Amino acid sequence: GRDGAVKVWDPRQKDEPVASLEPKDAETARDCWSVAFGNSYNNEERCICAGYDNGDVKLYDLRTNSLRWETNIKNGVCGMDFDRTDIHMNKLVCATLESQFKLFDMRTYHPKTGYASLTEPAHKSTVWITKHLPQNREVFVTGGGNGSLNLYKYSYPSQRVVKDEEGIETGVMGTVELLNSRNFSTQPINSFDWSNDKEGLCVFGSYDQSVRVGIVTKLNTV
């Protein structure tokens, strides 16, 4: 919310959140624009990543209610998505202002440089949302302020981890390939979701007051 707080709610507990991660100084708090669950690979581990209007990206550990990692990507974070929520953190995509998205490799953390990342221009307008394909975590979609959807595929490098001069492991980024792009509206695409049952089936909404159902074909050949 605009108070900078990130709250987790359980529908079985109506009145109070089960977790509340709030900034220490309310006067300097930034608007929180987006959140995503991740790293839920067992019954104990839970993480939430939050994106803010000033470009801050913060990773919270729900076990300890503490900040695990933070960085700034210089542009407001409109949307974010882990490639899978129920595995060890692998990849995180952040959709931002200024016509670009940021992709992090979340497997290897370096104490000085953090997580490896790449920045990709997209849509020639604000990138509002991003969502990974449930059946293939290397494929994801982004929605733009120009009313278009872009479909991407991430390819891993030949070696995901190398050691620096001090012998500390650091991540190595792969590449992103634009598979397809299609314009659907004159207004921003502000929400999107894939079907878990039917590969390629999707639903998305936009500011033209329309909800569209679509199908992306030939994903099994990607």
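Predicted model: local features only at pLDDT ≥ 70, side-chain atom pairs only at ≥ 80, totals over all residues.
**Notebook: a greasy patch, some cysteines and a sheet**

Two elements give two or more residues to the patch: β18 (201-206) and β19 (210-215). The largest share, three residues, comes from β19.

Ile215 sits in strand β19.

**Cysteines**

Next I went looking for disulfides. A quick reminder to myself: a disulfide is a covalent bond between the sulfur atoms of two cysteines. How many disulfides does the whole structure have? My search came back with zero.

I checked Cys32, which is in no disulfide. The nearest cysteine sulfur belongs to Cys49 and is 9.5 Å away, whereas a disulfide needs the two sulfur atoms within 2.5 Å. Cys32 counts as buried, because its relative accessibility is 12% and the cut-off for buried is under 20%.

Then came Cys94, also in no disulfide. Here too the nearest cysteine sulfur is that of Cys49, this time 5.8 Å away. Cys94 is buried as well, with a relative accessible area of 0%.

**The sheet**

I moved on to the strands. In which order do the four strands of the open sheet run? I wrote down β7-β8-β9-β10, with antiparallel pairing. β7 (77-82) and β10 are at the edges; each has a single partner strand, so one side of each has no neighbour in the sheet. Neighbouring strands here are turned by 20 degrees against each other on average, direction ignored.

I went through two of the pairings. Strand β8 (residues 91-96) pairs with β9 over six bridges, in the antiparallel sense. For Val93, I found the bridge partner Leu103 in β9.

Strand β9 (residues 100-110) also pairs with strand β10 (residues 114-121), antiparallel again, over eight bridges. Phe101 has Glu120 in β10 as its bridge partner. What joins β9 to β10? I traced the chain and got a hairpin, through three residues.

How values were computed. Residues numbered from 1 in each chain as written. Heavy atoms only, no water. Buried < 20%, exposed > 50% of the residue type's maximum accessible area, 1.4 Å probe, protein only. Pairing = 2+ DSSP bridges. Axes fitted to C-alpha atoms, helices over the stretch in contact; angles between N-to-C directions.
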